[in-house]
Amino acid sequence: MFLFNTLFENVPLPLLVTDEKGAIIFANRGVSRVSGYTLEDLSSLALSDLCAPYERGRFLFAHLSQIKETTEIDIDFQRKNGKFFMAHLSFSPFHYSGRSLLFLVLRDVTRRRVQEGKKREDEERYRKLLEEKNRLEEQLQRSRKLAALGELSAGVAHEINNPLAVITEEAGWLQDLLNRPEWKSLPALADFQDSLREILQQTKRCREITYNLLRLGRPLDMQVQEVNLRGLIEEVVEQKVRETQEQSIKIQAEIDPNLPAILSDAILLRQVFLNFLNNAVDALAEEGRITVKAGLSPAGRVEVAISDTGSGIAPENLPRIFDPFFTTKSPGKGTGLGLSLSHTILERLGGSVSVRSRLGQGATFTIQLPAGEKGAIADAPQNSDC
Ligand SMILES: Nc1ncnc2c1ncn2[C@@H]1O[C@H](COP(=O)(O)OP(=O)(O)OP(=O)(O)O)[C@@H](O)[C@H]1O
Ligand SMILES: [Mg+2]
């Protein structure tokens, strides 16, 4: 017995024996060392007195008598000097002289926990860096692809533009001709006129497409000045609210009151916001919610996120949505140029765009723009694009 007493008292591991109410019957020097209480103090304390005040109401302390097998918990302790430490406690029930007692082993795990916490923080920081790296790489690849496609498209558009202009002019001339009095008696005059109207309408559409294609591949005509982003977003949102009032669509703007004015091109930005909002409205198909949130990112850039509760984007389509002519809309409804043009414009304005979406769960397009500092906008030649 003497050997066991000596061992119990002197082993460096903190060991305790309590009764089934938690009153301390024995505590060794290890407990005294970690808790700061003397062995005499300890003999008149209960286990819960060693714990941090917020741990004392633990369910386990009220049910110690029900512990039937070794049980382990993590718990915060408080030293006599008021300082806290994290402990791992294991309770083992045993019987002695007809009494039910508990044998407890206590380990200070503060350092391990702090290291684990730090490791988790490092991992989190690494994950965020990796995400940012992937985002930038994706952006770079997209920009390269768009630059190549943009150049090709602009070349084709340029070639098509001239014959298209001739067709439009000739069709207009024919239309004028058919309006002359001497043609009034021409059989099927109305059919001719309808047909010409259709030709003119379709050539107008083709000219819009070639105009956009030329903008993809050529420097944009930019008018950089101070832009009141808040006013611009509110105006665009109001316009969309008016256009969709027949549908059950809720569009709202949440703009950080500290949003600074930025140096940019208001007309181009307006076109970009409208493109994103048009897509969001199309994705909703009659009902749902669109939110435009604007504020400053942690890196101090202006961030505008346009979210919708619409159809979302299939994973296989996500890498293609910024490609010129990629569209899932029916012919005549979408040309597939909105996003590629918006991407190009944003890039020339020194900004970027990223997307998050899951099929059936809406989409969020996040635009980032430089927060007003001069020189942030790419040095694009200030030429006219058409
Ligand atoms: N908010 C969104 N929700 C779901 N899908 C979207 C959203 N925005 C874009 N898309 C997908 O990306 C495709 C390409 O969009 P983009 O704006 O480039 O072309 P479009 O809207 O089809 O035609 P356009 O803008 O030229 O009229 C869309 O057809 C659609 O499939
Ligand atoms: Mg679109």
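Predicted model: local features only at pLDDT ≥ 70, side-chain atom pairs only at ≥ 80, totals over all residues.
Two helices count as roughly antiparallel if the angle between their N-to-C directions is over 145 degrees.

**Overall form**

The chain contains 10 helices and 12 strands. Its radius of gyration is 36 Å, whereas the globule rule gives 21 Å for 386 residues, so the chain is more spread out than a compact globule. Along the principal axes, the C-alpha atoms occupy a box of roughly 130 × 45 × 35 Å. Of the 386 residues in the chain, 23% are buried. Among the contacts that join residues at least 6 apart in sequence, 63% link residues at least 24 apart.

| Helix pair | Axis separation | Angle | Handedness of crossing |
|---|---|---|---|
| H6 (residues 110-178) and H7 (residues 189-217) | within 8 Å | roughly 155 degrees | left-handed |
| H9 (residues 266-284) and H10 (residues 338-348) | 9 Å | about 145 degrees | left-handed |

The axes of H6 and H7 cross at roughly 155 degrees. The two helices are therefore roughly antiparallel to each other. The residues that form the contact of H6 with H7 comprise 17 nonpolar, 11 polar and two charged.

Which residues of H9 and H10 meet? On the side of H9 they are Leu268, Gln271, Val272, Asn275, Phe276, Asn278 and Asn279. On the side of H10 they are Gly338, Leu339, Leu341, Ser342, Ile345 and Leu346. By type, the contact of H9 with H10 is made of seven nonpolar and six polar residues, with no charged residue.

**A residue of helix H9**

Ala283 also belongs to helix H9. Is this residue buried, partly exposed or exposed? A residue is buried if 20 or more other C-beta atoms lie within 10 Å of its own, and exposed if 12 or fewer do. Ala283 has 19 C-beta neighbours inside 10 Å and therefore counts as partly exposed.

Apart from its neighbours within four places in sequence, Ala283 is in contact with Asp308, Gly310, Ser311 and Ala363. Pro324 stands 41 residues from Ala283 in sequence, and the C-alpha atoms of these two residues are 19 Å apart in space.

Methods: Residues numbered from 1 in each chain as written. Chains lettered and ligands numbered in written order. Helix = DSSP H or I, 4+ residues; strand = E, 2+ residues; numbered from the N terminus. Rg over C-alpha atoms; globule rule 2.2 N^0.38 Å. Contact = placed C-beta atoms within 7 Å. Axes fitted to C-alpha atoms, helices over the stretch in contact; angles between N-to-C directions. Parallel < 35°, antiparallel > 145°, perpendicular 65-115°, else oblique. Left-handed = near helix turned anticlockwise from the far one by under 90°. Nonpolar A, V, L, I, M, F, W, Y, C, P; charged D, E, K, R; others polar.
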